[in-house]
Amino acid sequence: MSGFLTGEALRAFVHALPKVELHVHLVGSASLPTVLELARRRPSAGVPTAPEALAEFFTFRDFPHFLRNYLAVTSLVRDTRDIHTLVTGLAADLAAQNARYAEVTVTPYNHLLDGMTGDDLLTGLATGRAAAKAEHGVELAWCFDIPGEKGVVAGRETVVFALRERPEGLVSFGLGGPEVGVGRAQFAPFFTRAREAGLHSVPHAGETTGPATVWSAVHDLGAERIGHGVGAYTAPALMEYLAAQGIPLEVCPTSNVRTGQFPSIAAHPIRRLLDHGVVVTLNTDDPPMFGATLDGEYLAVAETLGLTASEIARLAENAVHASFLEPASKAALVTEIKEILLQDTEHLA
Ligand SMILES: [Zn+2]
């Protein structure tokens with residue numbers, strides 16, 4: 001039985017765990033120096049070109065404010081080189097967190113709308129993914145998602161692009177953007193097509209709204225995993241359904257606090273979700289924009305909830321099982337997690 005860790009021992013344990021990141025947006029993963037570099041290349045986009053002003057720009061009043069500024073950063077990304085820079089920057093950051101694998105959300109419709117060609121986007125993703133593996137030892141997979149605020153036209157274009165191009169590493173199909181006023185059900189035909197073609201369904205739901213959106217993601221979009229999903233916490237029947245069906249949630253605690261969904265990690269319903277048996281995974285969403293890291297999410301939750309080492313390891317295992325990795329890769333990561341937990345137990349004994 002593993003005990004409680006604190007301070008440096010907790011930090012070292014969390015870092016040693018091989019981690020999997022299931023909810024991170026490519027544009028939102030841009031480091032602050034990268035955003036500054038892109039902003040200086042294209043000052044007309046309205047993104048600050050000085051560090052202090054950028055920090056202010058990334059202090060969000062609410063979710064709509066966050067989304068506006070996120071889309072301004074998206075508009076800075078214009079060509080293959082920019083995409084490659086984003087992908088390799090993310091891989092370096094993931095490696096620094098001892099993350100081995102990530103499913104990264106890319107929003108092709110927004111990039112094409114900003115004038116990038118599909119070929120430029122795909123080339124940047126492919127070269128970036130190869131460099132991520134070769135230079136950082138990080139395996140990347142893609143989720144192409146619909147920007148919900150752009151409506152059904154974006155849904156249609158996104159599924160057509162995804163299925164026509166089907167780049168290596170594309171594993172899933174998503175839906176992001178605002179939930180208020182953007183019903184999930186209208187995107188059902190696109191999810192049906194994507195699922196029939198073998199892509200996994202991973203829509204955002206229950207980030208800024210409640211249980212009804214999560215139910216819709218499950219029933220209308222065939223969600224196999226849910227982006228955020230924390231809005232389920234007020235509905236015991238829904239939490240029990242998610243637990244029984246083994247539909248994991250991609251929980252992003254710091255993101256939820258920074259966009260104003262909950263006042264603090266202590267006030268976050270993660271404990272309630274765990275108590276109802278929901279499969280919780282920890283993720284960063286848009287790490288530099290929120291001042292988040294993957295290790296930091298594990299630490300914050302472990303400290304706030306008072307988790308034991310085995311409970312922390314379970315969260316890392318949840319992410320492995322909830323991923324779309326091949327079974328052999330999952331087994332190798334789980335074995336490594338168990339070994340680290342065992343070392344820790346022996347150390348404490
Ligand atoms: Zn997200």
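Me: Which residue in E2 does Glu-21 stand opposite?

Reply: This is a predicted model, in which local features need pLDDT of at least 70, side-chain atom pairs count only at pLDDT 80 or more, and totals for chains, interfaces and linings use all residues. Residues are numbered from 1 along each chain as its sequence is written. Strand E1 (residues 19–25) and strand E2 (residues 99–106) run parallel and are joined by five bridges; strands pair if DSSP finds at least two bridges between them. In E2, the residue opposite Glu-21 is Ala-102.

Me: How many residues of strand E1 are buried?

Reply: A residue is buried if 20 or more other C-beta atoms, placed from the backbone, lie within 10 Å of its own, exposed if 12 or fewer, and partly exposed in between. Strands (E, at least two residues) and helices (H or I, at least four) are DSSP runs, numbered from the N terminus. E1 is mostly covered, and the buried count is seven of its seven residues.

Me: Why do the buried residues of H11 line one face of the helix?

Reply: Helix H11 (residues 236–245) has Leu-238, Met-239 and Leu-242 as its buried residues. Seen down the axis, they line one face because their directions from the helix axis to the C-beta atoms fall within an arc of 100 degrees.

Me: Which helices do the buried residues of H11 pack against?

Reply: Pro-236, Ala-237 and Ala-244 are exposed on the other side of H11. Contact here means C-beta atoms, placed from the backbone, within 7 Å. The packing partners of the buried residues are helix H10 (211–221) and helix H13 (270–275).

Me: Is His-228 buried or exposed?

Reply: His-228 lies in strand E7 (residues 226–228). Its phi is positive, near 75 degrees, though the residue is not glycine. With 27 C-beta neighbours inside 10 Å, His-228 is buried.

Me: Where is Arg-166 found?

Reply: Arg-166 is not a glycine, yet has a positive phi of about 40 degrees. Arg-166 is partly exposed, with 13 other C-beta atoms within 10 Å. Its place is the loop between helix H8 (152–165) and strand E4 (170–176).

Note on methods:
Contact = placed C-beta atoms within 7 Å.
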